[in-house]
Amino acid sequence: MESVKDTFFTRDRDFYKTLFRMLIFVALQNVIAYSVNMADNIMLGSYSQEALSGAATVNQIFFMVQQFALSIGNTLVALASQYWGKKQIEPIRILTGISLKLSLIVAACILFICGCFPELVLRIFTTSPEIIAEGKSYLMLVMWSFALYIVTNVLMSVLRAVGTVKISFYISIVSLIVNVGINYVLIFGKFGFPEMGIRGAAIGTLVARGLEFLIILVYLLRTDQKLHLIHRDIWKYDRDLKHDYTKVYLPAMCAQVLWGVSVPMQTAILGHLSADAIAANSVSTTFYQYLKVVVLAMSATSAALIGNTIGRGDMRQIKSEVRTMSVIDIVIGVILGLALIALRKPLLSMYALNDNATALAIQMILLLGIVMMSMSYQMPVSFGIMQGGGDTPFLMKMNMISTWCIVMPLSFMAAFWWKLPVILVVLVIQSDQFFKCVPVFLHFRSYKWIKKLTREEPQEGQ
């Protein structure tokens, strides 16, 4: 029998090859997706401040749409990856059908709310009539891209569950080129096209989302050899699989939305501080978000891989793989955190900030570099390994307690009651990235998060 020392890290070379291949492609996809938003902001910012603010307001709505889409996709990954580990294809198709039906329901609700009450929705984020007018013009077109995004995310998620990630990367490249190209032509009225301003940006986003959906649909029809997803099984009704999906989805959705709602509120807290603090936070978080895509990629990759291993049922391999991934998470966090800290001055030299804003930005980047190190452990382990292992109730409880019982009350008190210095307010807002490491580590070491979500035999439709 091998000792604990011998089996602490997995010796499976295929595991390392698959892990880093998926990590690289998913991270690049995330970088490109983030760059699309950056390009939109730069072009709209150079067109008019009201157009930029209007689009930014609508992006707050899209951020919440993303949370619902991610919860649907992550649930599908948790279940489908385990069935893929068992090489059972029919349940994966049925689960994809369940996800698509739920996506269409969510999309219909979003379209109804945005289409019937656009000004009411926008007033949640701003009271400026000019920004609301620009935002409404943008929202009435771009809301259709929300529906396309939700459905496309489901299809990308099921492919990720079975280890197919290159197509998502290529789709992101095409989306970036198309979106930026159309935006440039229609926002500013180039090459004889009319100058459409913010509506031009909305058309660019809508066309790009439509193209993403068409590409992945054609891929599934013509190229995919793993799932043959376009099959009558996808619409088959299965009561047991629907029950399994709902059991995982509800806490996953709550965890994602609870966290998602807190983000704009935290941004709003910082928005009520000084102008220098707002500028410093904007600059520092831009760099932070670019590096954070690697952490998000590790979370997505971990979820798919651990689901496959649980599906195969090798408990010893599960433990060695998750220990390996948790150590890799720590290493990645240290590298990213040190890189952010080391590059703070060269990065800030690209911005024309006053001395006070620059000093605040340096302090924030130093703090976010440390935050990155702890977040790079707790996020891939909780949202990656544990969610991929099927333990979504733990995430829901942890987010509810940490975000809404600790961080949010303390953040409001730090900013408006105690009136602490800006850097201490930021520290309080980011504090959950530190203390969540403790419950995550303890729960991780218990291995109680390993949930077998599959059934012994593919279920017949009822």
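In the predicted model, the axes of α3 and helix α4 (residues 90-116) come within 9 Å and cross at roughly 170 degrees. An angle over 145 degrees counts as roughly antiparallel, and α3 is therefore roughly antiparallel to α4. On the α3 side, the contact is made by Ile61, Val65, Phe68, Ile72, Leu76, Leu79, Ala80, Tyr83 and Trp84. These residues meet Pro91, Ile92, Leu95, Thr96, Ser99, Leu102, Ser103, Val106, Ile110 and Cys114 in α4. By residue class, the contact of α3 with α4 consists of 16 nonpolar and three polar residues, with no charged residue.

The loop between α3 and α4 contains Lys87. The phi angle of Lys87 is near 60 degrees, a positive value in a residue other than glycine. Lys87 has a relative accessible area of 54% and is exposed, because the cut-off for exposed residues is over 50%. A positive phi, of about 50 degrees, is also found at Lys419, which is not a glycine. Lys419 is placed in the loop between α14 (392-417) and α15 (422-429). With a relative accessible area of 61%, Lys419 is likewise exposed.

Trp84, listed above in the contact of α3 with α4, is also one of the residues closest to the centre of the second largest pocket. This pocket has a volume of about 270 Å³. The lining of the second largest pocket comprises 17 residues, and those closest to its centre are Thr18, Trp84, Leu305, Asn308 and Arg312. At least two lining residues are supplied by each of α2 (13-47), α3 (49-85) and α10 (275-312). The greatest contribution comes from α2, with five residues. In composition, the lining of the second largest pocket has seven charged, five polar and five nonpolar residues.

Pro251 occurs within helix α9 (residues 239-271). Its relative accessible area is 9%, and Pro251 is therefore buried, the limit for this class being under 20%. Beyond its neighbours within four places in sequence, Pro251 is in contact with Thr246, Thr392, Pro393 and Met396. The C-alpha atom of Pro251 is separated by 9.1 Å from that of Ser71, although the two residues are 180 residues apart along the chain.

Methods: Residues numbered from 1 in each chain as written. Predicted model: local features only at pLDDT ≥ 70, side-chain atom pairs only at ≥ 80, totals over all residues. Heavy atoms only, no water. 1 Å grid on protein atoms, 1.4 Å probe; cavity = no way out; pocket = protein on both sides within 12 Å on 5 of 7 lines; lining within 4 Å. Points joined across faces, edges and corners; volume = space filled by probe spheres on them. Helix = DSSP H or I, 4+ residues; strand = E, 2+ residues; numbered from the N terminus. Nonpolar A, V, L, I, M, F, W, Y, C, P; charged D, E, K, R; others polar. Buried < 20%, exposed > 50% of the residue type's maximum accessible area, 1.4 Å probe, protein only. Contact = heavy atoms within 4.5 Å. Axes fitted to C-alpha atoms, helices over the stretch in contact; angles between N-to-C directions. Parallel < 35°, antiparallel > 145°, perpendicular 65-115°, else oblique.
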